[in-house]
Structures are given as C-alpha cells and as structure tokens.
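Let's take a walk through this model together, one part at a time.

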Amino acid sequence: MAPTIPTSSSQRPVWLFRFACLVALATLGLVCIGGLVTSKGVGMSVPDWPTSFGYSMFALPISMWMTGGVFHEHTHRVWASGVGLLVVFLARWTAGSGSRKTLAGVGLVEVVAGLLLMRVNPLWKGEAHFLLGIGGVVLAAAAVGFKNSPASPLSVRLAWAAFWLVQIQGSLGGLRVVLDSWAIGGTTGGTVFGMIHGCLGQVFFVLVTCLAVSLSGWYPRWPRRAGDIGGAHWVFLGTALVFGQLILGLWMRHQHAGLAIPDLPLAYGQWWPKTDPESLLRYASRREGVDAITSLQIHMHLFHRINAILAFSTILLAFRSSRVHAKGHPLKILGTTWLHLVSVQFALGLFTVFTDRAADVATAHVAVGSMTLAVGCWFCWAVGLHQGITLSDSRSLSDSGLPETPVVP
Amino acid sequence: MNNTLKVAAMVAAFAASSAFAGEITGKIKVTGEVPPAREITPIKGDKMCGALHTKPVMTRTYVVGADHGLANVAVYIKAGLPAGKTYTAPANKPLIDQVGCVYEPLVTVAMVGQTVDIKNSDAFMHNVNCQAKVNKPFNFAQTTQGAVNPRVFDKAELAIKLICNVHPWMSGYVHVFDHPFFAVSDKDGNFTIKGDLPDGKYTVEANHLKSGIVTGEVEVKGGKATLNLELAVK
C-alpha cells in the first residue's frame with residue numbers, strides 16, 4: 001500500500017474549522033460547568049425545566065440567577081442552549097446549503113411534535129417546550145440562505161451526528177431534572193439520567209473535537225496506509241480504559257462515592273479495606289455528616305483507582321510505541337500529548353482526594369478526563385488511518401473538504 | 001342550676017381525660033468522645049447567607065447540652081400500642097423553617113396525615129428537595145421571603161431528608177409516624193412524649209441521625225413514666 005499524498009492545508013475551510021474549534025471549546029466549557037453542578041450538588045436547585053422557576057430560561061431575573069447554586073445550574077442551562085445553537089449552525093455550515101431542506105424538515109417535525117406533545121399530556125410540557133425551542137433554532141438554521149458546498153463526507157457525517165446528539169443530550173439533561181424523583185431500578189431517575197447525560201456529554205465533546213480535527217489542516221497530513229505500527233493495541237486499549245474510567249468516575253460522582261475512601265494510596269489503612277457492616281459504620285464515623293458509606297461505594301472507588309493505574313500504564317506503553325516516529329509525526333505528537341494529559345489527570349485525581357473533593361479540583365479532573373478521552377480517540381483514529389483502517393471517509397485522500405464556493409464566516 | 005351542671009360535667013370530662021393522658025419523660029445522653037462541631041465554611045463563602053451571620057455557623061451532627069444531654073434525637077413509641085388502633089393526626093402544624101441558610105429545627109417529627117409547614121424566612125430563594133423513599137418525593141422553590149408551603153406525609157418513614165440544592169450544605173430531617181407518641185430531645189437531651197398514652201408497657205426508640213438507634217422498655221403507670229437512654233458516639 002503506497003501512502004497517498006495529503007491535500008494541502010491551505011485549501012481547507014479555515015473559517016469553518018475555526019468555528020468548529022469554537023464549538024469544541026464551548027463544549028469543553030459546558031462539560032466544566034456541568035461538572036461543577038455535580039461537584040457542588042446543585043443540579044436540582046432549579047426544580048423545573050426548560051423553564052427556570054416558571055420563567056423562560058432566557059428571562060430569569062439576574063437576582064435569582066446569582067443566588068447560590070442557581071448560578072451554576074442556570075448557567076449550565078443557558079450555556080447548553082448556546083452550544084445547541086452553535087452546533088445546529090455548525091451542521092448547517094458543514095453540510096452545505098444542500099442541508100437546508102433536511103433542516104427545515106427536521107425543524108418542522110420537532111415544532112409539530114412539540115405542539116402535539118403539549119396537547120397529549122401536560123406532564124410532558126417540558127419536553128414539548130424543548131422541542132419547540134430546538135425546532136425553532138433548526139428552522140432558523142434552515143432559513144440561512146448563503147450558498148456553500150459541504151465539507152468532506154466524513155466531516156458532514158460527524159456534523160450530523162453532533163446535530164442529533166446535542167438534541168438528545170439537551171433532552172436528557174431536562175429529563176434528569178423532571179424525572180429526578182422517579183424510582184428506577186433501586187435508584188432515582190435523577191441518578192440514572194444524570195449519569196447518561198454526563199457520559200453522553202463526554203461522547204459529544206469527543207465528537208465535536210473529531211469534527212474540528214477532520215476540518216483541520218493537520219488531519220490531511222496524517223499518514224494513510226503507511227503500514228502497521230507496533231503498539232497500536234495499546235492505543236485502543238488505553239482509550240477503552242480511559243472511557244471506562246470516565247464511566248466509573250461518573251458513577252462515583254453521582255453516587256457520592258468520591259470520598260468513600262479518604263486516604264491514599266491505602267484505603268482506610270489497608271490495600272483492600274473490609275466492607276462488613278461494622279467496618280462501614282466505623283468508616284462513616286470518621287467523617288462529618290450523617291450519610292452512610294456503602295460497600296459498593298468503596299468498591300467502585302477502588303476500581304476507579306485500579307483502572308487509573310491500568311490506563312496510565314497503557315498510555316505510557318502507547319507513548320513508548322509512538323516515540324519511534326520522527327519529530328512532528330502526528331502519531332508522536334498524539335502519543336506525547338496523551339501522556340501529558342493523563343499525567344495531569346492522574347495528579348488531579350490524587351488532588352481530588354487530598355482536597356476532600358474540592359469542587360474546582362474535581363471539575364478540573366472531569367475536564368482533563370474529557371480531553372484525555374478526546375486525544376485517545378484521535379490517536380485511535382490516526383493509528384487506524386496509518387494501518388489502513390478507514391472508518392468511512394473513503395474519499396478523504398482526494399476530498400479536501402474544500403467548499404466549491406468560498407465560505408462566508 | 002344548669003350552669004352548675006355544665007361546670008360539673010366539664011370538670012368530670014377534664015378529670016377523665018387527665019386519667020388517660022399519659023406521658024413519658026426522660027433524657028437522652030451521649031457517651032464517648034464527641035467530635036467537635038466544625039464550621040460550615042460555605043455559608044461564609046456565600047455572600048447572601050454569610051451576611052446573615054456574625055458568628056461562625058457550626059455543624060449540628062452532635063449537639064450536646066448539660067450533663068451530656070444529646071439534642072435532636074427523635075424519641076418515639078416503637079411497640080406496645082394497642083394493635084390495630086388508628087389515631088387522628090394532631091391539628092397543630094410543625095414548622096420547618098429555612099432561616100439564615102440552615103434548617104430550623106434540624107429534626108422534625110410529625111404524624112401521618114399531619115400538616116407540616118415548610119417556610120422560607122430568608123430574603124432570597126431556597127428550594128426544598130425532599131428525598132423521601134417511602135413517601136412521595138418533592139422538590140419546590142420558595143422564591144419569596146415568608147413563603148409557607150404546607151406538606152402532608154401519608155406514610156410512616158424515618159429520617160426523610162430535606163435538602164436545599166441552592167445552598168447544598170442545608171439539610172433537615174423529618175420522622176413520620178403512624179401514631180402521635182413521639183418527641184424530639186431538646187438542647188439538653190430532655191424529651192416528653194405527650195398524648196393519650198394509656199398505662200402499660202412500651203418499647204421506646206431513640207433515633208439519632210449519626211449515632212443510630214437505641215431501644216428502651218418503659219411502663220406507664222398512672223399516666224407517668226420516666227425513661228433515660230444513652231447513645232454512643234459513632
């Protein structure tokens with residue numbers, strides 16, 4: 001297999017790429033605020049959705065917005081709306097003016113569904129308002145008349161995926177509030193939907209960053225079909241472990257297990273602490289407050305620690321295998337960046353325990369975790385291309401993603 | 001003559017009701033080394049809440065008064081009441097107040113069907129997120145000062161947690177019983193279970209949020225009984 005010649009970066013849709021970067025940054029900000037909401041335990045400070053204390057989300061009096069945890073929760077909602085708006089327009093831009101019909105259709109269906117839902121059952125009023133709002137935004141994007149060609153097929157697919165995912169994600173965020181007290185399998189709707197919402201938030205961030213990469217001038221320079229590389233399995237395994245780690249971390253945050261074990265590196269002075277009822281009572285007595293500590297919390301916390309070591313070791317091995325490449329080689333850059341990120345992430349994990357799960361440290365841990373996952377996914381992608389595993393963009397070598405007509409930013 | 005008869009009837013009724021009005025008094029003491037209360041630092045960090053306090057606001061995990069008396073312990077009849085007897089919920093309405101960004105009182109006791117008033121005395125909003133497991137959970141905002149929302153719990157349930165997510169350090173607890181024989185120990189650990197408690201033997205439970213539950217046996221004779229219980233620090 002002969003490697004093909006990458007397209008010149010100067011032919012890339014620069015402004016579209018910059019816009020995608022802006023959306024990715026905004027999404028990272030959203031992940032941070034969402035993390036802060038969970039860290040501070042203020043997710044239910046606004047009991048209704050998509051309204052806030054009965055007000056339209058965008059008309060909440062500043063005095064109420066600035067009160068305690070409402071600040072974080074309401075900011076998360078408004079910021080999320082902003083990201084939703086950006087993603088819809090990103091999809092319109094990436095998919096070209098040919099997407100207008102599709103957008104108009106989707107927007108119309110959402111508006112009609114919203115109206116119907118409101119009539120069917122007042123209980124679903126929140127979802128109905130959400131559909132009306134997002135449907136309106138989609139219709140507005142469809143109304144944008146400037147003509148532009150679609151970016152590369154891969155970018156277009158990623159943009160459409162982001163378009164759908166942002167709506168599902170917004171809806172899940174609302175369900176997390178509306179169904180907070182529902183009993184689901186021994187836990188609450190708030191916990192279940194909160195976890196899915198948190199998990200999907202990470203996936204969404206990865207997706208948007210992948211879209212930005214696909215539009216970048218760097219992506220065409222990634223070697224294609226350049227042969228097998230040693231250690232590729234470490235890259236895939238490391239990414240899977242990071243994703244598993246994020247899910248474990250999410251579970252811990254939503255089950256308040258972050259401080260189920262207060263000491264490090266041991267756990268209650270042992271490598272594997274006892275979890276009989278007497279020991280659990282003794283552990284609970286060491287901390288302020290009246291909430292119990294469960295054996296599940298302790299075990300999940302321990303698995304999170306063990307998986308952290310596994311993920312770090314695997315990424316270290318992936319980094320080692322990437323060092324064989326020359327300076328500036330995408331795989332080397334990705335390997336080095338990944339190792340740096342996971343090192344910071346590891347340190348933040350330690351600090352989270354040492355600082356008694358300080359909200360800002362715990363949130364930084366979430367944000368860097370998202371970035372570690374994103375870079376891991378890019379690495380897998382780059383390795384796949386290097387080894388000739390094409391995901392879907394068979395035209396990627398010839399299709400630069402250059403619009404046929406200049407893109408108006 | 002009529003008036004004399006009325007007065008006599010009233011006196012007789014009062015005497016009869018007094019004969020059935022039994023009460024259990026006592027004291028809850030704590031044993032062991034009580035961990036010191038810690039300052040709830042986020043209150044200081046919150047502009048609105050911090051402005052309401054001149055002194056540090058401390059945690060209330062163990063509130064210990066004179067002679068090791070332990071406050072905020074729910075004390076109630078666990079067993080011994082006539083089987084199958086149902087009771088009417090008291091007409092008074094226990095008040096759970098959110099004042100100075102803390103719940104007052106920390107522990108409230110109520111009977112099934114009794115109205116509990118939940119009030120916001122602060123000049124800014126709180127939300128009341130009730131995390132009941134047996135009763136129906138609820139979450140509502142109280143955006144105005146002085147707002148009172150009555151709530152009725154329809155099932156017996158211990159230690160229902162109320163939290164304010166606007167100020168996440170705020171929490172209070174409600175114990176709900178299917179009879180009216182309960183009390184909460186005061187700052188010195190004293191309690192009185194009042195009501196139409198007939199003479200007889202009863203099992204009494206003292207329930208502290210952190211120390212757990214301790215049980216005692218008591219016999220009400222002539223409408224009176226005394227029971228002192230001890231809870232160990234956990």
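Which domains does the domain assignment of chain A give? The assignment names domain 1, covering 10-221, and domain 2, built from 224-276 + 294-398. Before going further, please keep in mind that this is a predicted model.

Start with how the two domains of chain A sit against each other. Taken over C-alpha atoms, the centres of domain 1 and domain 2 of chain A are separated by 26 Å. Where they touch, domain 1 of chain A supplies 24 residues and domain 2 of chain A supplies 21 residues. On the domain 1 side, the elements giving two or more residues are α1 (14-40), α6 (153-178) and α7 (189-215) of chain A. Of these, α7(A) provides the largest share, with 11 residues. If you sort that side of domain 1 of chain A by class, you find 12 nonpolar, 9 polar and 3 charged residues.

Now stay with α7(A) and look at its partner, helix α12 (residues 359-386) of chain A. The axes of α7(A) and α12(A) are 9 Å apart, and the two helices pack at an angle of about 50°. Are they parallel or oblique to each other? With that angle of about 50°, α7(A) and α12(A) are therefore oblique. Their crossing is right-handed. To see the contact residue by residue, display A:Gln202, A:Phe205, A:Val206, A:Thr209, A:Cys210 and A:Val213 on α7(A), which meet A:Ser370, A:Leu373, A:Ala374, A:Cys377 and A:Trp378 on α12(A). This contact of α7(A) with α12(A) holds 8 nonpolar and 3 polar residues, and no charged residues.

The axes of α4(A) and α5(A) come within 7 Å and cross at roughly 160°. Angles over 145 degrees count as roughly antiparallel, and that makes α4(A) roughly antiparallel to α5(A). The crossing of α4(A) and α5(A) is left-handed, whereas that of α7(A) and α12(A) is right-handed. By class, the contact of α4(A) with α5(A) has 16 nonpolar, 5 polar and 4 charged residues.

While you are at α5(A), find A:Ala143, which lies in that helix. Is A:Ala143 buried or exposed? A:Ala143 has 12 C-beta neighbours inside 10 Å, so A:Ala143 counts as exposed. From A:Ala143 to A:Leu215 you move 72 residues in sequence and 24 Å in space, C-alpha to C-alpha.

Next, turn to chain B. This chain has 3 helices and 16 strands. Its C-alpha trace spans about 65 × 45 × 35 Å along the principal axes. Chain B has 234 residues, and buried residues make up 37% of them. Among the contacts in chain B with a separation of 6 or more, 63% come from residues 24 or more positions apart.

Finally, bring the two chains into one view. How many residues does the contact take from chain A and from chain B? Chain A gives 20 residues and chain B gives 21 residues. On the side of chain A that touches chain B, the residues divide into 8 nonpolar, 9 polar and 3 charged.

How values were computed
Residues are numbered from 1 along each chain as its sequence is written. Chains are lettered from A and ligands numbered from 1 in the order in which they are written. This is a predicted model: local features need pLDDT of at least 70, side-chain atom pairs count only at pLDDT 80 or more; totals for chains, interfaces and linings use all residues. Two residues are in contact if their C-beta atoms, placed from the backbone, lie within 7 Å. Ala, Val, Leu, Ile, Met, Phe, Trp, Tyr, Cys and Pro count as nonpolar, Asp, Glu, Lys and Arg as charged, and the others, Gly among them, as polar. Domain bounds come from an automatic or database domain assignment. Helices (H or I, at least four residues) and strands (E, at least two) are DSSP runs, numbered from the N terminus. Axes are lines fitted to C-alpha atoms, for helices over the stretch in contact, and angles run from 0 to 180 degrees between N-to-C directions. Angles under 35 degrees count as roughly parallel, over 145 as roughly antiparallel, 65 to 115 as roughly perpendicular and the rest as oblique. A crossing is left-handed if the near helix is turned anticlockwise from the far one by less than a right angle, and right-handed if clockwise. A residue is buried if 20 or more other C-beta atoms lie within 10 Å of its own, exposed if 12 or fewer, and partly exposed in between; C-beta atoms are placed from the backbone.
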